[in-house]
Amino acid sequence: MADRYAEILSFVKIAESGSLSEAAKRLDLSLAATSRRLSQLESRLGVMLVRRNSRHMTLTQEGQIFYEKAGQALSDIDQAENVVMRNATEPVGALRVVTTLHSGRSRLAPLFQHYATLHPEVAVYLEAAGQAANIVETGHDIAICFDPPPDSGLIMKRLADNPRMLCASPEYLSRRGVPRTIEDLASHDRIVIGGGQDMWRAIDMDMGRDNRASRVLSTNDGEMARMWALNGAGIVIKSLWAVSDDLEEGRLQTVLPAVALPESPIVALYLPAQGDSAKVRSCLDFLARHLKPAEATPAAA
């Protein structure tokens, strides 16, 4: 294949320069080597491409056709190489991002708008999904989500910390009382989200007792759990990103803020090879600089 490319390149240079000797100079080859490449190409194709004598050289009809097609092909290869090399050094082209951050979308949307303003040659497509996508199958460049998934062969970049907390609606706390100690949680209703059951078990172990909550509502949907909490159904464990607006506007209040819960970091996932793409690198660096969780509001008095 390398010899085939060299033969075609030599022929195109011969056709463009109109001279074997000039083509040899442009290729930095000897005249003999350049002539040999032309002969090998003509032999492989089974046609004469160039009429030549000691003083003149012209293309045959077949040579003219081959020059037009081969010259365009080499030009396309050069252009493809330039585009790819530019993509490795400058943020350009389509950037496909998928996120599962429901409440975080209000922060991601303006950030990606700002990023697109800074990099006008990047076409941003931001997709919202109910669960983490397999970006190998979906063709996304980056996935932004809470918590790293099990090992998937993807590279993970931690973008921001995201504390978890206990919280409930003012109506619920007024009706059932504000827990003052971790032991007080034993008599309160709780809202459990999927794997969050493990965190409630850890709290129960700290209390030295089994789960004795008055009522438990469980769901695999974080937004449903948030709605239950807003409606006064009980105490829920939520990440700061998911409820920061509710806390700020007083729809929810933190409960026992001194209780330490595992964080739910905001991470970006991407294929190892994508780390060489300038658009992916610049986007990840931009998000890491600008993604900051909101400050938690004080606990209920």
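Predicted model: local features only at pLDDT ≥ 70, side-chain atom pairs only at ≥ 80, totals over all residues.
1. Residues are numbered from 1 along each chain as its sequence is written, and side-chain values use heavy atoms, without hydrogens and water.

2. Start with the open sheet. Its 5 strands follow the order E4-E3-E5-E12-E6, with mixed pairing. Strands are DSSP runs (E, at least two residues), and helices are too (H or I, at least four), numbered from the N terminus. Two strands pair if DSSP finds at least two bridges between them. The edge strands, E4 (122-128) and E6 (155-160), each pair on one side only.

3. Now look at E5 (residues 142-146) and E12 (residues 266-270). They run antiparallel and are joined by 4 bridges. Ala143 has Leu269 in E12 as its bridge partner.

4. Turn to helix H5 (residues 105-118) and helix H11 (residues 278-290). Their axes come within 11 Å and cross at roughly 130°. Axes are lines fitted to C-alpha atoms, for helices over the stretch in contact; angles run from 0 to 180 degrees between N-to-C directions. H5 is therefore oblique to H11 (under 35 degrees is roughly parallel, over 145 roughly antiparallel, 65 to 115 roughly perpendicular, the rest oblique).

5. H5 contributes Leu111, Phe112, His114, Tyr115 and Leu118. H11 contributes Lys279, Ser282, Cys283, Phe286, Leu287 and His290.

Key. Contact = heavy atoms within 4.5 Å.
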